[in-house]
Amino acid sequence: MVQVWRDLLFAHWNVSPAAIRPLVPHQLELDTFGGDAWISITPFHMSLRLRGLPPLPGMFDFPELNCRTYVNVGGKPGICFFSLDTANRAAVWGARSFYHLPYFHAQMRVEQSGDSVSYYSKRGEATWRATYAPASPPQRAQPGSLDYFLAERYCLYTVWKGRTYRGDIHHVRWPLQSASVKIEENTIAQAAGIQISPTPAAVSFVRELKVLLWSLERIS
């Protein structure tokens with residue numbers, strides 16, 4: 001599958017590993033930086049298609065917002081999702097059916113004015129309302145940095161019926177830009193049982209990234 005992610009915000013919070021360990025499947029080892037686990041909320045909009053084919057009907061451009069943490073299985077760092085919200089019901093069905101990911105349908109709206117992105121998402125008690133924009137030219141994260149730890153991951157993990165699966169992802173290194181962000185409402189992590197502060201510890205922006213995703217592989 002080919003996806004193109006656009007106008008993406010990384011908003012990161014550091015939390016105690018003990019605070020989220022019960023929320024992450026025991027098969028997945030929490031990955032930490034500076035002794036902390038990290039929670040990220042990532043709003044963007046995207047298109048997707050099967051390789052060699054045009055975009056699928058209804059999949060040309062739609063919003064997605066995910067809440068994630070960072071894990072390591074067998075020495076391979078990856079991502080574990082608490083929730084993924086999208087306005088596209090077909091995407092919810094497909095991701096739940098074939099990737100066993102916690103996708104949910106949400107009411108969402110994305111508006112742009114110049115470089116600024118206004119993003120709204122609501123699913124029950126899980127709400128995100130924020131405005132963000134890039135604030136620097138793109139650059140690659142340096143190995144050993146927090147940005148590198150958070151961004152440069154090339155697989156996702158999910159546990160389904162007690163079995164662990166990995167989905168590999170391929171893309172060029174993230175062209176990260178520093179970002180300005182004003183968060184007006186954020187209960188995304190809280191809806192997953194995680195308490196975070198009002199202000200993220202780190203943020204970054206990506207204008208566009210093309211991504212290749214492979215089907216899940218059972219690893220245990």
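Visitor: Which side chain meets Arg153 in a salt bridge?

Guide: Side chains of opposite charge can pair when their charged atoms come close. In this predicted model, the partner of Arg153 is Asp31, at 3.0 Å from N to O.

Visitor: Where do Arg153 and Asp31 lie?

Guide: Both sit in loops. Arg153 is between helix H3 (146-151) and strand S10 (155-160), and Asp31 is between strand S2 (29-30) and strand S3 (37-49), so the pair ties together parts 122 residues apart in sequence.

Visitor: Is Arg153 buried or exposed?

Guide: Buried means under 20% relative accessible area. Arg153 has 4%, so it is buried. Asp31 counts as buried too, at 14%.

Visitor: What does Glu208 pair with?

Guide: Glu208 forms a salt bridge with Arg6, at 3.3 Å from N to O. This pair links distant parts of the chain: Glu208 is in strand S13 (residues 202-213) and Arg6 in strand S1 (residues 2-15), 202 residues apart. Glu208 is partly exposed, with 47% relative accessibility. Arg6 is partly exposed at 24%.

Visitor: How far apart are the closest N and O atoms of Arg129 and Glu185?

Guide: They are 3.9 Å apart. The cut-off is within 4 Å, so the pair counts as a salt bridge. Arg129 belongs to strand S9 (residues 126-134) and Glu185 to strand S12 (residues 179-186), 56 residues apart. Arg129 is partly exposed at 31%, and Glu185 is partly exposed at 33%.

Visitor: Which residues are linked in a network of salt bridges?

Guide: Asp7, Asp115 and Arg207 form such a network.

Visitor: How many salt bridges does the count come to?

Guide: Nine.

How values were computed. Residues numbered from 1 in each chain as written. Predicted model: local features only at pLDDT ≥ 70, side-chain atom pairs only at ≥ 80, totals over all residues. Heavy atoms only, no water. Helix = DSSP H or I, 4+ residues; strand = E, 2+ residues; numbered from the N terminus. Buried < 20%, exposed > 50% of the residue type's maximum accessible area, 1.4 Å probe, protein only.
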